[in-house]
Amino acid sequence: MSAMTGIIETRNLSYSYGDGTLALRDVSICLEAGRKVALVGPNGAGKSTLMLMMNGILRPSSGEVLFAGQPLQYDAASLRKVRRAVGMVFQNSDDQLFAPTVYQDVAFGPTNLGYPAEKVKKYVGFALQYVGLSGYERRPPHHLSGGEKKRVAIAGILAMEPQVMILDEPTSNLDPASSEEIMEMLDELNQGGKTLIISTHDVDLAYRWADEVILMKDGDVIRRGSGPEVFMDGNLIRDARLKLPMVVDIYQELASRGIASEGKPPRNILELCDLLQPRGSVGDGSVGKIYICDADGSDEKQILAIMDKVGKGCFKGAMGTSAKLLAERCGIPLDFTYGVIDKCILKALIGKDALIMTSGGMVEHTMKRISDYGRESGAVIDAVRLQPL
Amino acid sequence: MHNLLDDYAHHNALRDVSPRLKLFIGLASMLICVSSPYPAAPLFVALFLSLAAVLLARIPVRIYSRLLLLPLSFALLSAGVVALMQGEGRVLLQMQLLGIDLAVRQEGASLALLLLARTFGGMCSLYFIALSTPMIEIFATLKSLRIPYSVIELSMMIYRYIFVFLDQAARIHSAQVMRLGDAGAKSSLHSFAMLASVLFLRSWEQGERLVLAMDSRCYDGKLNIMEQAGKATSLQMLIVAVYLLLASTIAVLGRGAFLL
């Protein structure tokens with residue numbers, strides 16, 4: 001497997017706690033750069049232990065961890081290098097946010113990397129803007145909501161420009177909308193080239209979000225693969241004290257009744273709908289358009305003009321922090337704030353038009369996602385990129 | 001977990017006024033209170049700063065008076081004792097309690113009054129700082145006053161985790177009350193002891209997690225300190241100067257009205 005370009009690799013990694021209990025046994029995995037990886041497994045499966053080894057917080061009892069092909073060294077200077085490149089967001093934000101203000105907390109990493117004051121300020125400003133919390137600099141963490149705390153924690157890691165971000169249970173204790181927003185932000189980061197590793201109990205989340213799922217139990221990796229590869233095996237999942245993702249569960253019941261064809265299970269609601277209602281049998285067969293509006297470089301007046309021109313009767317969605325903030329400033333009511341592309345494709349398939357506000361690299365990503373969908377399903381949806389008026 | 005002093009400090013109308021100026025007013029007022037030999041100056045300080053807190057910083061009157069009531073009740077009690085114990089001079093009031101002769105004499109009475117006024121003025125000065133200046137601004141001011149860095153760093157983290165532990169203490173307390181941990185004096189005491197010990201253990205664990213969190217972010221002995229907010233305008237400085245001048249004048253000359 002040496003041909004694979006692994007950014008993080010573990011070789012025969014074992015770890016036992018002081019009292020002799022083995023938390024990890026002989027784990028050998030190789031994670032490729034640029035992917036979205038989910039570690040799933042029951043409590044005590046060793047997910048957190050494995051994560052804490054990836055940035056050198058825990059030192060293996062035997063075996064080794066490699067970062068970009070180099071075995072981890074445990075002297076102070078090498079550890080600093082690795083921890084800068086592999087950022088870690090803890091499950092409980094209060095563990096992570098220890099400074100008295102948002103600014104100070106986000107500035108912590110850059111300051112300790114020895115950046116000059118001006119550069120620290122620039123990086124903090126950038127990170128806070130990215131997570132949508134510009135203007136929160138002087139707030140103390142105890143005046144923030146759970147979702148805001150998580151964003152600050154992510155900003156604190158972002159300000160150090162890591163290549164890999166590890167997030168321990170990023171959605172635990174968050175309300176559904178906040179969780180979706182955090183996961184969408186992680187998608188955006190992944191689009192920007194970062195490798196993401198999360199741990200979670202939420203099988204639905206792991207199934208639809210991750211490129212690669214690593215199933216762990218009792219300190220072992222018992223299955224690795226894409227979501228469908230891992231989650232199709234009901235016995236394995238039950239053994240690991242997890243449950244099937246809802247979409248897979250529904251699909252299996254439908255397939256056993258002959259309603260859906262056996263084969264590849266759907267990844268999400270869009271694919272499930274396609275499975276049940278193949279192309280051509282929907283409505284009168286006419287397909288709606290999806291307009292994509294770049295929120296970067298458009299001011300409020302331009303956006304409102306666009307809304308006037310094409311926005312009437314459209315379903316509207318916004319992706320990414322800056323697009324959502326812009327929509328809020330313009331007073332545009334949004335129909336979708338997460339899972340936006342899929343929702344808009346679903347609406348287009350029943351002949352309705354939809355408009356997506358997003359920014360930067362996500363515009364290209366959205367266009368590509370829609371055309372990929374057209375190629376795979378045969379339902380070609382017109383994606384129109386709106387130019388500022 | 002709201003309506004802590006800290007919340008007012010963050011949201012009052014004087015939030016953006018130079019923290020140095022506010023600290024200076026508070027500390028100078030306190031000095032005037034303790035050094036004035038007559039009660040007039042502390043009472044003037046109390047009046048001025050209370051008006052400032054209520055009218056300028058817009059702290060609700062109800063909250064402000066409730067805040068003052070607690071220390072004031074202690075001060076009243078001790079002033080009463082001082083009045084009875086102290087001094088010479090004309091007897092102002094005499095009574096018998098359980099066969100003991102008690103008398104309030106002139107010297108004792110004026111000392112009690114002075115004590116009360118000083119406590120009151122001092123409390124108002126302290127509340128003025130606490131209600132108008134968030135701790136983070138005070139940290140920045142401490143830094144510019146060349147207080148040793150490790151002291152400031154430590155106090156910043158203590159400040160941050162006060163709220164985490166306050167939250168945990170409140171949750172443990174509700175868990176106890178839910179299961180009737182507050183029924184009767186004995187079980188209340190027992191519950192309190194448990195709360196304290198659990199909180200101690202949790203803070204220990206929190207400390208270990210804190211080290212992990214700091215290490216993960218390349219801790220190298222540096223914690224940023226916010227920059228100073230707001231500079232004092234000349235009008236503000238003029239007002240403060242006039243107020244302090246008035247207060248010190250009263251402190252020196254203010255004998256007449258309060259001679260008993």
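**Close-up views of chain A**

**View 1. Parallel pairing of strands β3 and β9 in chain A**. In this predicted model, strand β3 (residues 36-40) of chain A runs parallel to strand β9 (residues 212-217) of chain A, and the two are joined by four bridges. Within this pairing, V37(A) has E212(A) of β9(A) as its bridge partner.

**View 2. The open, six-stranded sheet of chain A**. The strands follow the order β6-β7-β8-β3-β9-β10 (chain A), and their pairing is mixed. Because β6 (86-89) and β10 (220-225) of chain A stand at the edges, each has a single partner strand, and one side of each is left without a neighbour in the sheet. From one strand to the next, the twist averages 20 degrees.

**View 3. Helix α1 of chain A packed on the sheet**. Helix α1 (residues 47-54) of chain A touches β3, β6, β7 (164-168), β8 (195-200) and β9 of chain A. The direction of helix α1 makes about 150 degrees with that of β7(A).

**View 4. The domains of chain A, with the contact between domain 2 and domain 3**. Chain A comprises domain 1 (6-239), domain 2 (246-276) and domain 3 (289-386). The centres of domain 2 of chain A and domain 3 of chain A, taken over C-alpha atoms, are separated by 27 Å. Five residues from domain 2 of chain A and four residues from domain 3 of chain A take part in the contact. On the side of domain 2 of chain A that touches domain 3 of chain A, three residues are nonpolar, one is polar and one is charged.

How values were computed: Residues are numbered from 1 along each chain as its sequence is written. Chains are lettered from A and ligands numbered from 1 in the order in which they are written. This is a predicted model: local features need pLDDT of at least 70, side-chain atom pairs count only at pLDDT 80 or more; totals for chains, interfaces and linings use all residues. Domain bounds come from an automatic or database domain assignment. Two residues are in contact if their C-beta atoms, placed from the backbone, lie within 7 Å. Ala, Val, Leu, Ile, Met, Phe, Trp, Tyr, Cys and Pro count as nonpolar, Asp, Glu, Lys and Arg as charged, and the others, Gly among them, as polar. Two strands pair if DSSP finds at least two bridges between them. Axes are lines fitted to C-alpha atoms, for helices over the stretch in contact, and angles run from 0 to 180 degrees between N-to-C directions.
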